[in-house]
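Hi,

Here is the structure I said I would pass on. Have a look at it first, then read my notes below.

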Amino acid sequence: MNNQEPIRDARALGMPKMLVLGLQHMFAMFGATVLVPILVNTYGLPLSIQTTLFFAGIGTLFFHVCTRLRVPAFLGSSFAFLGGFEAVSKLDSGKYAAMEAGEKLQYACGGIVVAGLLYVVLAAIIKLVGVHKVMRFLPPVVTGPIIILIGLNLAPSAVNNAKTCWWLALAAMAIIIAANIWGKGMVKIIPILLGVVGSYLIAVIANALGAQAWDFSGAEPAKVALMNFTTVADSQILGLQPFFTDFGGSIAKFDLTSILVMAPIAIAAMMEHIGDMSAISATVGENFIEDPGLHRTLIGDGVATSLSALFGGPANTTYGENTGVLVLSRVYDPKVIRLAAVYALVLSFSPMFAAVVNSMPAAIVGGVSFILYGMISAIGVRNVVENRVDFTNSRNLIIAAVILVCGLGFTGGLTFEVLGTSITLTSLAIAAIAGIALNAVLPGKDYQFGSDVTQGRSADFGRY
């Protein structure tokens, strides 16, 4: 970790550098954001990359307005709802029996609209009873391990991407590490961007020389070209999102079955949101859960999710990738994140740019993710340490142990039947529910949110 002073007003760096910093955040979120519609398409549901990017930008800007322009968070497409998309795609009884994939997507999005509104319900409860009473159920002994799990659950994705071409992944990592440790000036605060662009140029040269990568998508691993520019050649420079060209075929539809599939996933997404807010607060050194308030961040995230789904997009969520960029760059100005949102909006009108970025080898994404995902887990450890969670106390040890085992053990989630419909809770949702429940029922709870905060201890939300 570098020791430079954090930059809270990026205008001091000048507009050209601010624009580059925004580009870095855009690259950090892009791979994961477009991966969601790519995966949903493999389920047979035609979720649009352009629509996804458009509402990532709109959702981020709306979130910043809701949080008084103070919280440096980017809202990208949520992976938590992938299981729900797959479940809806497999519905084949009743009205879903002869339904086309496009219409199934509309019903799936209807369920996500309801899920987003559940955020607003929780925000209203927090506003009514006060964040202090709610956060008594979410002390650092709960949120810290959940933050750790956010990074650890993403770790297999980093390895799976990196193993397609280890030397290229290591090249991306080496550029990032060199820029962050030994770089000077602007180089030191844009290591992710340099890692992406530098390794991409290396990949282009290696591809021209005949380099190959491993493809693990089939039954047997196979060698393929390192890069594929077919979709770039077939793409238009400019193009409208589907909800502009086919509004009736994109707008969400509502049905109890799809709502019961999608809406419960909001439990996991809300817990991830609280974990992300804790992580961002710990990184920046400001208690965003208290000011501007958890109710504001939840409303921003929830309404952004409902708005996206209403017009055929995926759920939104605060992105850990961009939190990792905050840690490395130490530029905490939310204006930089809003620049990334504007970039996403503009690029959502360019299918060709999306294709160019999608031509990036998976190994580069893996190399970058090695750094970013690890940073998220490290922030969770820091959250626990700086809040002085006492692990000589058996109560705290049990809570953390159960959270970690649930989060890492339930790799496929937990599926159960409700009114004849299968519902799956992700491992993070299970871990969060278990941690909150144990914290509520085990005796000896002495955590006070916001009390006895030591000045300068970035992750302090209270003290045991």
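Predicted model: local features only at pLDDT ≥ 70, side-chain atom pairs only at ≥ 80, totals over all residues.

Let's start with Phe243, which is buried, with a relative accessible area of 8%. (Buried means under 20% relative accessible area, exposed over 50%, and partly exposed in between, using a 1.4 Å probe and protein chains only.) Phe243 belongs to helix H11, residues 242–245. Helices (H or I, at least four residues) and strands (E, at least two) are DSSP runs, numbered from the N terminus. What does Phe243 touch, not counting residues up to four places away in sequence? Its partners are Thr51, Phe54, Phe55, Ser250 and Phe311, where contact means heavy atoms within 4.5 Å.

Residues are numbered from 1 along each chain as its sequence is written, and side-chain values use heavy atoms, with hydrogens and water left out.

The axes of H2 (residues 49–66) and H16 (residues 334–347) come within 7 Å and cross at roughly 150 degrees. (Axes are lines fitted to C-alpha atoms, for helices over the stretch in contact, and angles run from 0 to 180 degrees between N-to-C directions.) That angle makes H2 roughly antiparallel to H16. For the words: angles under 35 degrees count as roughly parallel, over 145 as roughly antiparallel, 65 to 115 as roughly perpendicular and the rest as oblique. The crossing of H2 and H16 is left-handed, meaning that the near helix is turned anticlockwise from the far one by less than a right angle; clockwise would be right-handed. (Ala, Val, Leu, Ile, Met, Phe, Trp, Tyr, Cys and Pro count as nonpolar, Asp, Glu, Lys and Arg as charged, and the others, Gly among them, as polar.)

The axes of H9 (residues 191–208) and H18 (residues 362–386) come within 10 Å and cross at roughly 155 degrees, which makes H9 roughly antiparallel to H18. H9 passes H18 in a right-handed crossing. Ile192, Val196, Ser199, Tyr200 and Ala203 of H9 make the contact with Ile364, Val368 and Leu372 of H18. By class, that contact has 7 nonpolar, 1 polar and no charged residues.

Val196 touches Phe27, Met360, Ile364 and Val368, leaving aside residues up to four places away in sequence.

H18 also meets H15 (320–329). Their axes come within 8 Å and cross at roughly 80 degrees, so H15 is roughly perpendicular to H18. Among the residues that meet there are Gly320 and Thr323 in H15 and Tyr373 and Met375 in H18.

Finally, some backbone details. Most residues other than glycine have a negative phi, and most peptide bonds are trans. Arg68, in the loop between H2 and strand E1 (75–77), has a positive phi of about 60 degrees although it is not a glycine. Arg68 is partly exposed, with a relative accessible area of 49%. Arg330 also has a positive phi, near 60 degrees, and sits in the loop between H15 and H16. Arg330 is buried, at 16% relative accessible area. Which form does the peptide bond from Asp291 to Pro292 take? That bond is cis, with omega near 15 degrees, and Pro292 lies in helix H14 (residues 289–310).

Happy exploring!
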